[in-house]
Amino acid sequence: MSFEAKFPSECVGCDEGVKAGEVIAFATGGGVVHLVCPNPLPDVSRPVCPRCFQEQSVNGSCGCD
Ligand SMILES: [Zn+2]
Ligand SMILES: [Zn+2]
């Protein structure tokens with residue numbers, strides 16, 4: 001489930017902070033992560049959808065939705 005950030009936060013998937021209004025989701029390990037990180041860390045691997053080749057978010061959604 002993704003939602004708009006109500007206040008600035010830390011993204012667990014990249015070095016960029018989450019700004020209010022950005023679309024984020026709860027990370028499985030805790031914290032929040034951008035639905036699409038602007039600058040993802042190389043060691044954070046997410047499954048890539050075989051159809052749209054977008055990285056799937058922590059809730060499994062992708063560009064096909
Ligand atoms: Zn991020
Ligand atoms: Zn897809």
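N59, which lies in the segment after β5, touches M1, S2 and A25 when residues up to four places away in sequence are left out of the count. In this predicted model, N59 has 13 C-beta neighbours inside 10 Å and therefore counts as partly exposed. N59 and E4 are 55 residues apart in sequence, and their C-alpha atoms are 15 Å apart in space.

**Confidence of the model**
- The protein averages a pLDDT of 86, and 94% of its residues score at least 70.
- Confidence is highest in strand β1, residues 2-4, at a mean of 95, and lowest in strand β5, residues 32-34, where the mean is 93.

**Overall build**
- The protein contains five strands and zero helices, so that reading along the sequence gives the pattern β-β-β-β-β.
- For a chain of 65 residues, a compact globule would have a radius of gyration near 11 Å, and the value of 11 Å for this protein agrees with that expectation.
- Along the principal axes, the C-alpha trace spans about 35 × 25 × 20 Å.

- Three strands form an open sheet in the order β1-β4-β5, and their pairing is antiparallel.
- Because β1 and β5 stand at the edges and each has a single partner strand, one side of each is left without a neighbour in the sheet.
- Neighbouring strands of this sheet are turned by 40 degrees against each other on average, with direction ignored.
- Strands β1 and β4 run antiparallel and are joined by three bridges, and within this pair S2 stands opposite A25 in β4.
- Strand β4, residues 23-26, pairs with β5 in the antiparallel sense, also over three bridges.

**The nonpolar core**
- Buried residues make up 15% of the 65 residues in the protein.
- Which residues make up the largest nonpolar core? This core holds six residues in all, namely C11, V18, I24, V32, V33 and C37.
- In soluble globular proteins, nonpolar side chains tend to be buried together.
- I24, a member of this core, touches S2, F3, A5, V18, V32, V33, H34 and L35, not counting residues up to four places away in sequence.

**F7, a loop residue**
- F7 is placed in the loop between β1 and β2, the latter being residues 9-10.
- Is F7 buried or exposed? F7 counts as exposed, because it has 8 C-beta neighbours inside 10 Å, and the cut-off for this class is 12 or fewer.
- The C-alpha atoms of F7 and S57 are separated by 20 Å, and these residues are 50 residues apart along the chain.

Notes:
Residues numbered from 1 in each chain as written. Chains lettered and ligands numbered in written order. Predicted model: local features only at pLDDT ≥ 70, side-chain atom pairs only at ≥ 80, totals over all residues. pLDDT = per-residue confidence, 0-100. Helix = DSSP H or I, 4+ residues; strand = E, 2+ residues; numbered from the N terminus. Pairing = 2+ DSSP bridges. Axes fitted to C-alpha atoms, helices over the stretch in contact; angles between N-to-C directions. Rg over C-alpha atoms; globule rule 2.2 N^0.38 Å. Buried ≥ 20, exposed ≤ 12 C-beta atoms within 10 Å, placed from the backbone. Core = buried A, V, L, I, M, F, W, Y, C linked by C-beta atoms within 7 Å. Contact = placed C-beta atoms within 7 Å.
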